[in-house]
Amino acid sequence: MNQFILADCTTESGALSQLHDGAVVKAGGIDLLDRMKEGLESPTKLVNIRNISSLRGIHETAQGLNIGALTTLAEIEEDPAVKAHYAILSDACGHAATPQIRNMATVGGNLLQQNRCWYFRSDDFACLKKGKDMCFAFDGLNQYHAIFDNTTCPSVAPSSAAVALLGLNASVELASAKGKRTVAIKDFYVHPDVNPMTRTVIAPDELLTSVIIPKPASGTRSAYQKYGEKRSYDWATADAGVVLEMDGNICRKAAIVMGAASPVVMRSPKAEAMLAGKPITEETARAAGKAAMEGAQPLSMNGYKVQLFPVAIYRTILLAAGQMGRDPSAVG
Ligand SMILES: Cc1cc2nc3c(=O)[nH]c(=O)nc-3n(C[C@H](O)[C@H](O)[C@H](O)COP(=O)(O)OP(=O)(O)OC[C@H]3O[C@@H](n4cnc5c(N)ncnc54)[C@H](O)[C@@H]3O)c2cc1C
């Protein structure tokens, strides 16, 4: 790892004044320090924002929920208001990584973590995401890669929290010395077709300050489940987030989100259409899972995801609707 200056900040304005000339924000440091140790990045200055108390905490407002960027995944999982009204988010934060990591990892850092593609993560491979002209995953080991939107760079969206926040129509607040702006999660991530080297629209001089979640409509129920190879200490091979707006047993409106399916966390309008205006039953939940796979284009080694996602979606719909308990084969 290279030598660097650590600028320890206690205010937002102090941190923003340090963000120039290649300085990089450090929150929990889990992903950033890994990337530095792996030789992927060598910033000369880290701006430590961990001690900025104004960026921490969960606040219920008349409009919904405001979560400070430094709030940890464990704090979000355990918050009573999140558990009661935003189960998808509590489930997603509570099943990411491991208990130790969840105590350290912040929601801002989780949304901004880099992809896990092993070719990108190894400094032996100069790939598209490093500004070169080749993706090694197409002819290489691609079992964990994308089954949708995978023609440029098929590394998958890694954030569990993003799955929940897309389903909840959340936004993030970004601040710079010039002012603040709000960006919807659906517009926050940059597809590799647009620019493989950029993950999000955040600028180098901006801080992600909070996550804003609108109040759910009456009758909303939600859930998230993660599937993978290991019980813990790993990212998902497939994860599903479901938000159902219910009138009794009839679904007014649904959001079905897939993580680890594409380079950018995605909703499935085809699956959502299978539920809108219908009762939630095993049959409609299965139809939604099947519809979600329309247009999937698996690579040479990840065809299993086309079978795994429909099961993940079906079981998560029934979990959200209160018709099934947590799937014992889900992980995290
Ligand atoms: C073994 C293992 C398993 C894991 N499994 C999962 C999983 O299942 N699901 C999942 O979602 N994650 C998983 N993770 C990833 C982990 O949750 C993230 O690395 C962590 O959430 C990052 O948060 P952090 O606060 O440590 O971010 P940092 O490492 O501090 O920052 C990450 C990136 O965000 C930038 N950044 C951070 N905060 C801000 C901010 N407020 N404003 C501007 N820029 C900012 C940093 O510059 C950096 O580029 C796993 C990690 C490990 C090691």
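**The contact of H5 with H9**

Ile88, Leu89, Ala92 and Cys93 of H5 touch Ser160, Ala161, Val163, Ala164 and Leu165 of H9. Contact here means heavy atoms within 4.5 Å. The model is predicted: local features need pLDDT of at least 70, side-chain atom pairs need pLDDT 80 or more, and totals for chains, interfaces and linings use all residues. Residues are numbered from 1 along each chain as its sequence is written, and side-chain values use heavy atoms, without hydrogens and water.

Now the geometry. H5 spans residues 87-94 and H9 spans residues 160-167. Their axes come within 8 Å and cross at roughly 175°. Axes are lines fitted to C-alpha atoms, for helices over the stretch in contact, with angles from 0 to 180 degrees between N-to-C directions. The two helices are therefore roughly antiparallel, a label for angles over 145 degrees. Helices are DSSP runs of H or I with at least four residues; strands are E runs of at least two, and both are numbered from the N terminus.

Ser160 links this contact to the ligand. It is in the H9 side of the contact, and it is also among the closest of the 32 residues surrounding the ligand, with Val25, Gly29, Thr106 and Lys226. The cut-off there is a heavy atom within 4 Å.

A ligand nitrogen sits 3.2 Å from a side-chain N or O of Gln113.

Val25 is among the closest ligand neighbours, and strand S2 covers 24-26. The open sheet is ordered S1-S3-S2, with parallel pairing. Strands pair if DSSP finds at least two bridges between them. S1 (5-8) and S2 are edge strands with a single partner each, so one side of each lacks a neighbour in the sheet. S1 pairs with S3 (residues 45-48) over 4 bridges. Ala7 has Val47 as its bridge partner in S3.

A further open sheet has 5 strands, S4-S5-S8-S6-S7, with antiparallel pairing. Its twist averages 25° from one strand to the next.

Technical notes. Angles under 35 degrees count as roughly parallel, over 145 as roughly antiparallel, 65 to 115 as roughly perpendicular and the rest as oblique. A polar contact is a pair of N or O atoms within 3.5 Å; within protein, one must be able to donate a hydrogen and the other to accept it, and residues adjacent in sequence count only if both atoms are side-chain atoms.
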